[in-house]
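Here is a friendly briefing to read alongside your viewer. Please load the model and keep it open as you go through the points.

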Amino acid sequence: MKDEWKKALGTMTYGIYGLTTSHEDEINAMIASWVSQVSYEPLLIMIAVHPNRYSHFLIEQSGCFALHVLSRDQSDYLSRFKGSGLQEKFAGIQWQPGATGCPLLKNCMAYFECEVRARYAPGNHTLFIGEV
């Protein structure tokens, strides 16, 4: 990628979200920033996940994910969910399984539990479109 493109992309603003998913007995969480609402009716949310992420595998298998809006005072989730230790990600935080089985984090500003309706691989990330 050209250096001037990297510099320009660095000026764009993104939200930081907690993304959780599950399949059978496995759960995972990661930080997601490439996120967007794509429809009101039905309510659809898009996330971008790199195929080498464990969450990608779980979403592919289960067809679901939960997206959490984090508050500024939840910055500890950034380092917690960037790590690779699955047990450490959920240690000491309150959560419960949602209707899809995805972990729903308590005390977040909001969350959207989604079932995947479409997936696209236009580049090096997969775009999952989930219906809330």
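What follows is a short tour of the sheet, the helix packed on it, the backbone details and the pocket.

Please bear in mind that this is a predicted model. Its sheet is open, has seven strands in the order 2-1-5-8-9-4-3, and is paired in the antiparallel sense. Helix 2 packs on that sheet, and a search of the whole structure turns up three salt bridges. The largest pocket has a volume of about 160 Å³.

**The sheet as a whole**

- Reading across the sheet, the strand order is 2-1-5-8-9-4-3, with antiparallel pairing.
- Strand 2 (26-32) and strand 3 (35-39) each have a single partner strand, so one side of each is left without a neighbour in the sheet.
- On average, neighbouring strands of this sheet are turned by 35° against each other, with direction ignored.

**Strand pairs, one by one**

- Strand 1 (residues 17-23) pairs with strand 5 (residues 64-69) in the antiparallel sense, over four bridges.
- Within that pairing, Gly-18 has His-68 of strand 5 standing opposite.
- Strand 8 and strand 9 are antiparallel partners with five bridges, and the two form a hairpin with five residues between them.
- Look for Tyr-120 here, which stands opposite Leu-127 in strand 9.
- Strand 9 also runs antiparallel to strand 4, to which six bridges join it.
- Val-49 has Thr-126 in strand 9 as its bridge partner.
- Strand 4 is joined to strand 3 by four bridges, again antiparallel, and this pair makes a hairpin with four residues between the strands.
- A handy pair to pick out is Ser-36, which stands opposite Met-46 in strand 4.

**The helix on the sheet and a salt bridge**

- Which strands does helix 2 touch? Helix 2 (residues 54-62) touches strand 1, strand 2, strand 4 (44-49), strand 5, strand 8 (110-120) and strand 9 (126-131).
- The direction of helix 2 makes about 50° with that of strand 1.
- Among the three salt bridges found in the whole structure is one where the side chains of Arg-119 and Glu-60 meet at 2.5 Å, N to O.
- This pair links distant parts of the chain, with Arg-119 in strand 8 and Glu-60 in helix 2, 59 residues apart.

**Backbone details in the loops**

- The peptide bond from Glu-41 to Pro-42 is cis, with omega near 0°.
- Pro-42 sits in the loop between strand 3 and strand 4, the two strands that form the hairpin with four residues between them.
- Glu-24 is not a glycine, although it has a positive phi of about 55°.
- You will find Glu-24 in the loop between strand 1 and strand 2.

**The largest pocket**

- How is the lining of the largest pocket divided among nonpolar, polar and charged residues? The lining has six nonpolar residues, four polar ones and one charged one.
- The lining includes Gly-15, Ile-16 and Tyr-17, along with Val-69, Leu-70, Ser-71 and Arg-72.
- Gln-74, Ser-75, Leu-78 and Met-109 also belong to the lining of this pocket.

How values were computed: Residues are numbered from 1 along each chain as its sequence is written. This is a predicted model: local features need pLDDT of at least 70, side-chain atom pairs count only at pLDDT 80 or more; totals for chains, interfaces and linings use all residues. Side-chain values use heavy atoms; hydrogens and water are left out. On a 1 Å grid over the protein atoms alone, a cavity is a set of points where a 1.4 Å probe fits but cannot get out, and a pocket is an open set with protein on both sides within 12 Å along at least five of seven lines; lining residues have an atom within 4 Å of a point. Grid points are joined across faces, edges and corners, and a volume is the space filled by probe spheres set on the points. Ala, Val, Leu, Ile, Met, Phe, Trp, Tyr, Cys and Pro count as nonpolar, Asp, Glu, Lys and Arg as charged, and the others, Gly among them, as polar. Two strands pair if DSSP finds at least two bridges between them. Axes are lines fitted to C-alpha atoms, for helices over the stretch in contact, and angles run from 0 to 180 degrees between N-to-C directions. Contact means heavy atoms within 4.5 Å. A salt bridge is a side-chain nitrogen of Lys or Arg within 4 Å of a carboxyl oxygen of Asp or Glu.
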